[in-house]
Structures are given as C-alpha cells and as structure tokens.
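This briefing concerns helix packing and salt bridges in the structure shown below. Please keep the model in view while reading.

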Amino acid sequence: MSQMDAHSQVAQLIQQANQAQKTLEAYDQAAVDELVTAAAWALVNPENNQKLSQLAVAETGLGKVSDKITKNHRKTLGLLRDMKGAKTVGVIKRDTQMGIVEIARPVGIVGAIVPSTNPVATPMNMILNALKCRNAIILSPSPKGQPSCNRLIELIYLELDRIGAPRHLVQALPTPVSKDLSMELLKQVDLVVVTGSQNNVRAAYTCGTPAFGVGAGNVTSLVDETADLSSAANKIKASKTFDNATSCSSENSVIIVEEVYKDMLEALHLVNACLLNAKETAALKATLWHNGHLNAAMLAKPVSVMCELAGITRQAACDADFLMVEETGAGAEFPFSGEKMALVLAVYRAKHFEDAQHIASEILNYQGKGHSLSLHSESVERAEMLGLKMPVCRVIVNQAHCFATGGSFDNGLPFSLSMGCGTWGGNVTDQNVHYRHFMNVTQIVTTIAPREVSVDDMFADYHRRYLS
C-alpha cells in the first residue's frame, strides 16, 4: 500500500468520524450516558461476551476463554461504575472562591492502538472513555486481534442503531491493518491512546499528535517476614495464572526475605506451583528465548505445552499451574528477570527487607520502571517506604496484582487497561488512563478579592535564617 493510499483511506474514516462527532457534541449528559450504556451492553451481554472471548483466543492463540470472559465483564462493569454520575457535558465544576467555572469539551477524534493480548477488553475500554466525553474513536487493532475487534464493533453498531446514534462514532482501520495505515491514523486524529508494545508507544510519541502511552510491565512482588504466606501464595497464583499471564500486571518475579523463604516456597507449592531444578531451568531458558527474543510458541500457553516444548518431563512440573525458577541477578544476562508473558515466575532470595528493596530496584532499572510493584506484608510503613524509594507509580499491597493494578471493586484505582508509568516509563501520565484523559476543559475565569503578598510575606523566614 502506498503512503497516499493509506492517507486517503484514513482521511475517509476521519471525515466520517467528524460528522458523527459533531452530532454527538450536541448530546446532553443524559443522552451521552445512554450512549455509553448502549455501547457497553454489546460486551456485557453474556452471549456476546462468550462468543467474542472464544474468537479472541482462537485467533490470537493467547490466554484462556473463561478468564477473558471474566476480564471483559469486570473491566467494562467497573468502568461503568467509575463513570456513573460523572459530568462530562457543559459545566462540570464551579469554584466560587477562586472564581473559576470549568466546562467539559470533547477532544474530537481519538485514535487507539489495541494489543493482541486484549483484543476485546481494551477496545471496549477506549470506546467507552471516548464516548463518555463526546468523542468519536477509530481503532487500530493488532492484525491477530482484528477479527474479534471488528466483531465487537459490529455488535456495538446494533446497540447504536437501537438508540439512534451514528455508527461512525466507532470505527476501525480496514483489514488488513498495516504499519502505514496505523501511522496515518496517528497523524490525522486529535488524540492518540496506545496500549501494547513499546515500539507502538514510541511511534505514537513521534507522530506529532498528543498521545497517552503506557510503559513496559515487569511486576515484582516482595514478601516479607510479616506476610500471611498462604494468602500471599494464593493471590500470586490468581494473578500469575489469570488469562495465562497475558496481563502486563501479572507478576514476573517474587522476592522473598530469607526468614520465610522456605515457608513461602512451600506455600507456593501448595497452590500447585513447581520449582524447576537447574537442568529444567536451563532447558526452559533455551526454549523460552530465541536469539534474545521471547519464543511466541511459549507465550501465554498452558504449562503442559511449555514443558513439552522445553523437553521437561517431570510430572510435577507438567501438572503445575505455573513454574518457578530461582534467579540471582537482573539484566540482559539474567533473562528470567524480565517480562516473560508466560506462566513462569522468577524467585529471588533476599537477606532482609532492605536487600529485597535493592533487588527490586535492580529488576526495575532493567525493565518495568514506572509501572508497579507488589508487597505482601503487615507493615504499612514498609509500603510507604517503597512508595518513597521505588521508581513506580503504584505499590499494590496485599492484593492479587493483575486484578488490582487496573482498578478493582475493592480498591480506589480507576478501572483501566492502560497504566501510565510517569517519566520513569517515558509516559506523560502516571495515572491509570481513564475518561478524564479524553476531554478538554475550558476555564471561565472571573475576578476575586485580591490575594496579594509582600516581599516580607515570602522572604521573612529566609531572611531570618540566612541574611540577618
């Protein structure tokens, strides 16, 4: 496809989106909220969810159908909860003390890059965020995930037709998606939101359009001597095994302090994890990476498939829910210290909690800086210590990490599938990307009583300490 062909195809989508968005811009809050509810029903409908989840796994070869059904349902329902009652039309705030009135405005046309790991949940999340703020959206699905993404849009159209909303509020790039088409989309829209590979994030940041991107995940979990080991093991297993570890928020390593190292390994064994011996670890390492790159045949596959490919025959390993390997360092020469997107957990032994922090820092500085880490501990002080010292935007305390990081019904984070990683991860935001990132705000500013200050007000203490 020539650059001109790609430009023309995207320009046509943009023209259609603009017309639809102008219609949406005239909606009042009630009509917008009805639109969001209608679009969400296309996935929350159990029959649709099951069919889309089956299609997603069949076409990408990644994850588990039952877990995708759960993810699609909870992420969409949670986002609806976050949006319920939120003002995104007209005046959204009046601050009489400061003389400022805030008015919500659409950004226009959103372009969203969608990963193959979540070809249904992520686009639905982006679509609802965009519509809530009266924007149109054009999706760029991964080639593997395009069929299920397209089917989702077809189901959304049925709901938009039901309420009389324009279909072109939601569109996707034509099949097959190409790099030329995706780059043209990034250039022609008003706002870009990218979830997925760092190559896509970097492309978005250089396209000339304002962009929200995400950083690389490589979650590590710290377990200290005060932790409830059984609870920690169950939560780590739930997070690590969910959707066969496709989530960027699944643990890739666990750091256990010496005092409870053996007991924690036993707790993990009791939840059906298997610690590989040195020979098995070497065989897995040789198979999981090819020429420095992860082997696609191993990603997000059941343990039995991984063992077969690696030539691991021990029954305890083949029957395990996830595998563990002991690791001692971090960096390119220690590949298990990085993100694996596989049912493999690297295990580190720390002398004490301070040593665990040091190990976590080394892992993060190699990969995953800015994203998040997990702590299993009864110490609030230690959680805050990590927040003060670690280069991450989230410290998840005593929770199953992959459920908690993107928002959960039992924590206060907004539901999202796009976790900003701040400047540590090369991102403009350190927050979970949510609907507020999809609107502009116009401020009406009127005069208030003057709040003037004098030189003495500002410098009296400084003068007293250093200049008198």
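Gln29, Val32, Asp33, Leu35, Val36, Ala39, Ala40 and Leu43 in H2 meet Met124, Leu128, Leu131 and Lys132 in H5, where contact means heavy atoms within 4.5 Å. The model is predicted: local features need pLDDT of at least 70, side-chain atom pairs count only at pLDDT 80 or more, and totals for chains, interfaces and linings use all residues. Residues are numbered from 1 along each chain as its sequence is written, and side-chain values use heavy atoms, with hydrogens and water left out.

- The residues of the H2 contact with H5 comprise nine nonpolar, one polar and two charged.
- Helix H2 (residues 29-44) packs against helix H5 (residues 121-132) at an angle of about 170 degrees, with axes 9 Å apart.
- The two helices, H2 and H5, are therefore roughly antiparallel (an angle over 145 degrees).

**Salt bridges**
- The structure contains 16 salt bridges, each a side-chain nitrogen of Lys or Arg within 4 Å of a carboxyl oxygen of Asp or Glu.
- Lysine 71 and aspartate 243 form one of them, at 3.2 Å from N to O.
- Lysine 71 belongs to helix H4 (residues 65-83) and aspartate 243 to the loop between helix H9 (229-241) and strand E9 (251-257), so the pair ties together parts 172 residues apart in sequence.
- Both lysine 71 and aspartate 243 are buried (under 20% relative accessible area, 1.4 Å probe, protein chains only).
- Lys68, Lys71 and Asp243 are linked in a salt-bridge network.

Note on methods. Axes fitted to C-alpha atoms, helices over the stretch in contact; angles between N-to-C directions. Helix = DSSP H or I, 4+ residues; strand = E, 2+ residues; numbered from the N terminus. Parallel < 35°, antiparallel > 145°, perpendicular 65-115°, else oblique. Nonpolar A, V, L, I, M, F, W, Y, C, P; charged D, E, K, R; others polar. Buried < 20%, exposed > 50% of the residue type's maximum accessible area, 1.4 Å probe, protein only.
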